[in-house]
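Colleague: Can you walk me through this one? I'd like the plain version.

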Amino acid sequence: TPNAAITQCVSLFDLSAVQIKQTLALAHEMKANPANYRQCLAGKSVALLFEKPSLRTRVSFDVGIQQLGGHAVYLDSKQVGPGSRETVTDIANNLACWTQAIVARVYQHTTLQQLAQGRVPVVNALCDEHHPCQTLADLMTLQELYGDDLSQVQLGYVGDGNNVCQSLMLGAAALGLKMRVVTPQGFAPTSEFANQLAQHYPDHNVQVSHALADLDGCDVLYTDTWISMGQEGQGADEKKAQFQPYALTHVLMQQTGAEHVMHCLPAHRDEEIESSLLDNQLDVVLRQAENRMHAQKALLALILQGDMV
Ligand code: CP
Ligand code: NVA
């Protein structure tokens, strides 16, 4: 695939709409025919640097890299100590001596930008502003439900307008989905992000509000935890009380007419999502989790331009 020159994925702003579609197409192909891609990353090593806990991201990268013939090295940031034991830049320069890419889960987006100054490509495995790998898996899942062309699908997001939401807005803009984002007051995506989105995708059809009625007519409703990793304890109880009306419930599904639920997980049952609703919709939610691996395999293969067979 000659026009695939994806150099990094600090956020989905690093990929054009065409490159996002190409990554998704390769992800579907890798999912269907995994045996054809066993040597893509042969001889290559990828550092997985995590400042926060993870189940899905860690396992899906580790197993996915192995399936492509590569080697993953997990680094707990408590051991590596970015900013305390040594600087982020020094870590990046050292990792470049032995690895061909850095996958990093960090608190601050700026840490990823510092890592990306080094000599190897960086993939964002979640920061405060973005979760691009989640979005690629989510778009892949939506394509499995509705077909490759998602322009007729209306996606609703309810909850905190932070990392998962912002990346999803970017993915929706790139693929031409109609998206409605509904957050409590004070938790909309940042204006910096909204401006950047409008610059990259002037014709996007993503609207943000605080009114649950704006979700009427959505085909799919998506939510994420109200208390993101690192926010525990900082007024979490007050935040949960403010978010209560924005819980994803059977009632909201009926009011809006939505047919599917999506959640990036981990879920906090009977907080942002009614537990029995999550159980009813577990097939889609687990498909999102499964597709993390396929989407990330495709992304890494395109970034590292491995031998596809
Ligand atoms: N959705 C997601 O990123 O899950 P983990 O935090 O378990 O990696
Ligand atoms: N918003 C959540 C996403 C977890 C995958 C967090 O940042 O913890």
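Modeller: The C-alpha centres of domain 1 and domain 2 lie 24 Å apart. The domain bounds come from an automatic or database domain assignment.

Colleague: Which residues belong to which domain?

Modeller: Domain 1 is 12–130 + 292–304, and domain 2 is 133–289. This is a predicted model, where local features need pLDDT of at least 70, side-chain atom pairs count only at pLDDT 80 or more, and totals for chains, interfaces and linings use all residues. Residues are numbered from 1 along each chain as its sequence is written, while chains are lettered from A and ligands numbered from 1 in the order in which they are written.

Colleague: What is the average pLDDT of the chain?

Modeller: The average is 96, and 97% of the residues score at least 70. pLDDT is the predictor's confidence in each residue, from 0 to 100. For the complex, the predictor gives an ipTM of 0.99 and a pTM of 0.97.

Colleague: Where is confidence lowest, and where is it highest?

Modeller: Lowest is helix α3 (residues 77–80), with a mean of 91. Highest is helix α6 (residues 132–146), at 99. Helices (H or I, at least four residues) and strands (E, at least two) are DSSP runs, numbered from the N terminus.

Colleague: Back to the domains. How many residues of each are in contact with the other?

Modeller: 24 residues of domain 1 are in contact with 22 residues of domain 2. In contact means that the C-beta atoms of two residues, placed from the backbone, lie within 7 Å.

Colleague: And which elements give two or more residues to the domain 1 side?

Modeller: They are α1 (17–32), α2 (56–67) and α12 (282–304). α1 gives the most, with 6 residues.

Colleague: Now strands. Why is β3 largely enclosed?

Modeller: Strand β3 (residues 101–105) has 5 of its 5 residues buried, so the rest of the structure largely encloses it. Buried means 20 or more other C-beta atoms within 10 Å of a residue's own; exposed means 12 or fewer, and partly exposed is in between, with C-beta atoms placed from the backbone.

Colleague: Which residues sit on each side of β3?

Modeller: Ala 101, Val 103 and Arg 105 are on one side, with Ile 102 and Ala 104 on the other. In a regular strand the side chains alternate between the two faces of the sheet.

Colleague: What does β3 pair with?

Modeller: Strand β1 (residues 45–50) pairs with β3 in the parallel sense over 5 bridges. There, Leu 48 stands opposite Val 103. Strand β4 (residues 122–124) also runs parallel to β3, joined by 3 bridges. Asn 124 in β4 is the bridge partner of Ala 104. Two strands pair if DSSP finds at least two bridges between them.

Colleague: What unit do β3 and β4 make with helix α5?

Modeller: With helix α5 (residues 109–115), they make a right-handed β-α-β unit. Right-handed means that, with the strands pointing away from the viewer, the path from the first strand over the helix to the second runs clockwise.

Colleague: What does Val 103 touch?

Modeller: Leaving out residues up to four places away in sequence, Val 103 touches Val 46, Ala 47, Leu 48, Phe 61, Val 123 and Ala 125.

Colleague: New topic. Which peptide bond is cis?

Modeller: The bond from Leu 265 to Pro 266 is cis, with omega near 5°. Pro 266 is in the loop between β9 (260–263) and α11 (275–280).

Colleague: What about Leu 126: buried or exposed?

Modeller: Leu 126 counts as buried because it has 26 C-beta neighbours inside 10 Å. Its phi is near 120°, a positive value in a residue other than glycine. Most residues other than glycine have a negative phi, and most peptide bonds are trans.
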